[in-house]
Amino acid sequence: MLEPTPTDDTAEAPRSRGSGTQTVYATLRQEILAMTLPPGSPLDEVRLSDRFGMSRTPIREALLRLASDGLVTTLPNRNTIVATIDFATLPTYFDALSLMYRVTTRAAAARKNPAIMATVRKRQNEFEAAVRAQDAYAMIEANREFHVAIAELGGNPYYTTFFGRLLDEGRRILRLYYSTFDDRLPLQYVQEHEDMIAAIEAGDVERADRLAIAHAEQIVRQIQEYIARDMNSALSINNL
């Protein structure tokens with residue numbers, strides 16, 4: 001009996017649910033976070049299909065995942081673009097981010113969990129390695145995982161989920177932050193993480209809180225100074 005001839009999409013179905021989608025997602029995500037694909041860049045399914053050498057099914061699934069990350073947007077005309085950065089919303093974003101730095105770090109200092117503490121230390125080692133390598137993408141990833149691990153140590157899954165979402169939404173803002181140092185992030189910021197770890201391990205809730213405040217404030221201040229100093233560049237990024 002003759003076997004049915006697979007169509008392009010059915011032939012790629014197993015791949016679309018696995019390596020194909022993951023490859024497209026990971027590649028585009030890194031390019032978006034690195035600003036290689038700047039805000040507003042079009043993401044045409046046909047062109048992406050040609051680029052990656054696969055059907056449109058895994059392309060479409062990867063774009064859906066990127067949309068759930070807030071990194072791409074589908075316009076009313078159904079075209080997909082890299083999401084713009086809304087600088088007007090930054091003050092409220094910074095308020096929420098600063099609050100979550102404090103809440104999660106305080107909570108972590110009030111609890112003991114050696115296994116999760118080991119994860120915090122591992123993430124810190126990864127962050128330091130990325131800083132020394134001047135690898136901005138790795139810095140963003142390791143910083144996110146470091147602070148999520150602290151939130152997990154705090155023991156409130158609602159805080160962990162919300163903080164993770166805030167950190168994800170701010171990845172490109174963090175990329176701008178690192179660019180103010182030409183990706184040569186001073187080791188001072190590695191030390192800030194170390195100080196937070198020491199306060200958490202000592203169970204010093206008030207010191208952990210003060211360190212979290214200072215850590216958040218210097219990030220916010222640096223980004224605000226960048227925008228104020230080079231508003232034309234910021235607006236050009238937003239309006240691409």
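Guide: Before we start, contact here means heavy atoms within 4.5 Å, and keep in mind that this is a predicted model.

Visitor: OK. Skipping neighbours within four places in sequence, what is Tyr-177 in contact with?

Guide: Tyr-177 touches Leu-185, Tyr-189, Gln-218, Ile-219, Gln-222 and Ile-223, once those sequence neighbours are left aside.

Visitor: And which residues have the most contacts inside the largest nonpolar core?

Guide: Tyr-177 is one of them, along with Tyr-101, Phe-127, Met-139, Tyr-178 and Leu-185, in a core of 37 residues. Elements giving two or more residues to that core are α6 (90-109), α7 (114-133), α8, α9 (157-169), α10 (171-179), α11 and α12 (205-229).

Visitor: Which element gives the largest share?

Guide: That's α12, with seven residues. There's also a second, separate core of 17 residues, which includes Leu-28, Leu-33, Leu-37 and Leu-71.

Visitor: New topic: at what angle do α8 and α11 pack?

Guide: About 10 degrees, with the axes of α8 (residues 136-154) and α11 (residues 188-202) 13 Å apart. Angles under 35 degrees count as roughly parallel, so α8 is roughly parallel to α11.

Visitor: Which residues make that contact?

Guide: From α8, Asn-143, Phe-146, His-147, Ile-150 and Leu-153; from α11, His-193, Met-196, Ile-197 and Ile-200. By class, that's six nonpolar, three polar and no charged residues.

Visitor: Backbone next. What's phi of Arg-78?

Guide: Near 75 degrees, which is positive in a residue other than glycine. Arg-78 sits in the loop between β1 (72-74) and β2 (80-82).

Visitor: Is Arg-78 buried or exposed?

Guide: Arg-78 counts as exposed, because its relative accessibility is 72% and the cut-off is over 50%.

Notes. Residues numbered from 1 in each chain as written. Predicted model: local features only at pLDDT ≥ 70, side-chain atom pairs only at ≥ 80, totals over all residues. Heavy atoms only, no water. Axes fitted to C-alpha atoms, helices over the stretch in contact; angles between N-to-C directions. Helix = DSSP H or I, 4+ residues; strand = E, 2+ residues; numbered from the N terminus. Parallel < 35°, antiparallel > 145°, perpendicular 65-115°, else oblique. Nonpolar A, V, L, I, M, F, W, Y, C, P; charged D, E, K, R; others polar. Core = buried A, V, L, I, M, F, W, Y, C linked by side-chain atoms within 4.5 Å. Buried < 20%, exposed > 50% of the residue type's maximum accessible area, 1.4 Å probe, protein only.
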